[in-house]
Amino acid sequence: MGSAKVMASTRLLYLLNAKATGSITALHRAGCSVCFRRHVCSSPSRLQSCMSAWVIDQYGTNEVLRFTEEVTVPIVSSASEVMIKVHAASLNPLDISMRGGYGAKLLKLRRAPVSVMDNNSEFPLILGRDVSGVVVECGSKVTHFAPGDEVWAAVPPWKQGSLAEFVTLTEFEVSHKPKSLSHIEAASIPYVANTALSALVNAGGLCRDSSSNKRVLITGGSGGVGTFAVQLLKAWGAHVTVTCSNNAEGLVRGLGADEVVDYTVGDPAEQLEEMEKFDVILDNVGGDTERWAMGLLKPWSGAKYITLVTPLLLNTDSMGLLDGTFHTGFTLQMKAMQNIMSRGVFYRWGFYTPDGPALDEVKNLVDTGKILPVVEAQFPFTQVPQAFQKLEQGHARGKTVVRVAEDDDRKAEELVQNIRTETAESEQEVQETVKQN
Ligand SMILES: NC(=O)C1=CN([C@@H]2O[C@H](COP(=O)(O)OP(=O)(O)OC[C@H]3O[C@@H](n4cnc5c(N)ncnc54)[C@H](OP(=O)(O)O)[C@@H]3O)[C@@H](O)[C@H]2O)C=CC1
């Protein structure tokens, strides 16, 4: 065997050992999955192995995305953290916005000091908010997870993302993956689920036991958040009306929507005004929708309008942290006051909130068939820029997923096959030599 093959087979042994024992040390020794070498990054305190990831070194368009094998592995650094080997990740509109610098000022405040480089820069920054994968290492106080567990999670935007071989999160942000889903399917759900749950429960006051007699309108029901929210609300027994394009009607009806309004034909507000008024509106579209949607709520009933399209991060980016936060808070208060005083309805903003236990509830709904993953497109890890391009075209019908670990798995399989072939050839050679002699 040549030296490259010896290294490759050694890596395979380490990988198998890592799989069997869950030891990150073995994984570190296995080294880079692409070239099988063990890269070593310089670090003031320790030598750390590196991993493959898609990073950005500056904000901009798709050209700023860069593949590298030299990102430091995000090792477990606190007792409550779990390190996850990423099998699949998915993209959200936030990834496109963050690639362009959206939220940079506010998010930087929340970034952990270890992820901010010496020059106080957030770069190289890893995007990707959803992960489905396998736990490889746990902090000493982690109680709910162990190495080898299959998990899913939504990575908060102030942490390094999931377009990488490994991601490290606190155990409170992680949940056991539904057994009925593949990693690719599972990666399509966590971020939109945490967002929809936070908006509908915290801002909308809905829950499993209080939704059965509620009329809910979801605008933009065909996208990532919408396709999840429709199914969640139907599982909770609500009556769900959705706005979407004509060619998405079949999709949202298939997910359980009771009534569908095609916003591309005529004025959606006029069509919705013909219907009974709503208890809750979840607005995934924003802009002009906000103007007409308030009038669709049941007046003086405590009905709630929640929009996910908020100006908070845009304002802090453009006006600075202090002015941006003040201006945003003032705008929200004014709108809330106007609506409660003139119509008796609540005006609220919804935000993604990291919440592992909330995903546990979603897991049960998935495993009982009440929520299905809606994967519109899949891309291999080598084609992350193409996945961003797809998302940027808009008109999402569910989620776009990136298969992160498959190359590693495929390479390991190829390696095993090569070693088997080589061993068989060597044995044959030996037998022939014995025969000849
Ligand atoms: N505040 C927060 O924490 C969060 C905010 N968000 C925001 O929520 C919004 C929705 O997110 P997500 O579902 O992931 O986005 P997607 O891009 O997945 O989906 C948007 C959907 O809306 C449809 N759409 C576009 N215009 C209209 C319209 N006028 N009426 C009805 N449907 C329309 C699109 O299809 P088509 O154009 O073909 O009709 C598409 O299916 C985004 O703006 C996102 O940034 C998301 C998560 C967290």
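At what angle do the axes of helix α11 (residues 312–319) and helix α12 (residues 321–342) cross? In this predicted model, the two axes cross at roughly 145 degrees and come within 7 Å. The crossing of α11 and α12 is right-handed. On the α11 side, the contact is made by Leu 312, Asn 315, Thr 316, Ser 318 and Met 319. Helix α12 contributes Leu 321, Asp 323, Gly 324, Thr 325, His 327 and Thr 328. By class, this contact of α11 with α12 has three nonpolar, seven polar and one charged residues.

The protein chain is assigned two domains, domain 1 (3–189 + 374–412) and domain 2 (192–349). Their contact draws 14 residues from domain 1 and 14 residues from domain 2. On the side of domain 1 that touches domain 2, helix α4 (residues 104–110) gives the most, with three residues. That side of domain 1 comprises seven nonpolar, four polar and three charged residues.

The ligand is the next point. Both domain 1 and domain 2 give residues to the shell around the ligand, so the ligand lies between them. There are 27 residues around the ligand. Those that come nearest are Gly 220, Gly 223, Gly 224, His 395 and Ala 396. At least two residues of the shell are supplied by each of α3 (93–99), α6 (190–203), α7 (224–235) and β11 (239–244). Helix α7 gives the most, with three residues. The shell has twelve nonpolar and 15 polar residues. It has no charged residues.

Technical notes:
Residues numbered from 1 in each chain as written. Predicted model: local features only at pLDDT ≥ 70, side-chain atom pairs only at ≥ 80, totals over all residues. Near = placed C-beta within 6 Å. Helix = DSSP H or I, 4+ residues; strand = E, 2+ residues; numbered from the N terminus. Nonpolar A, V, L, I, M, F, W, Y, C, P; charged D, E, K, R; others polar. Domains from an automatic or database assignment. Contact = placed C-beta atoms within 7 Å. Axes fitted to C-alpha atoms, helices over the stretch in contact; angles between N-to-C directions. Left-handed = near helix turned anticlockwise from the far one by under 90°.
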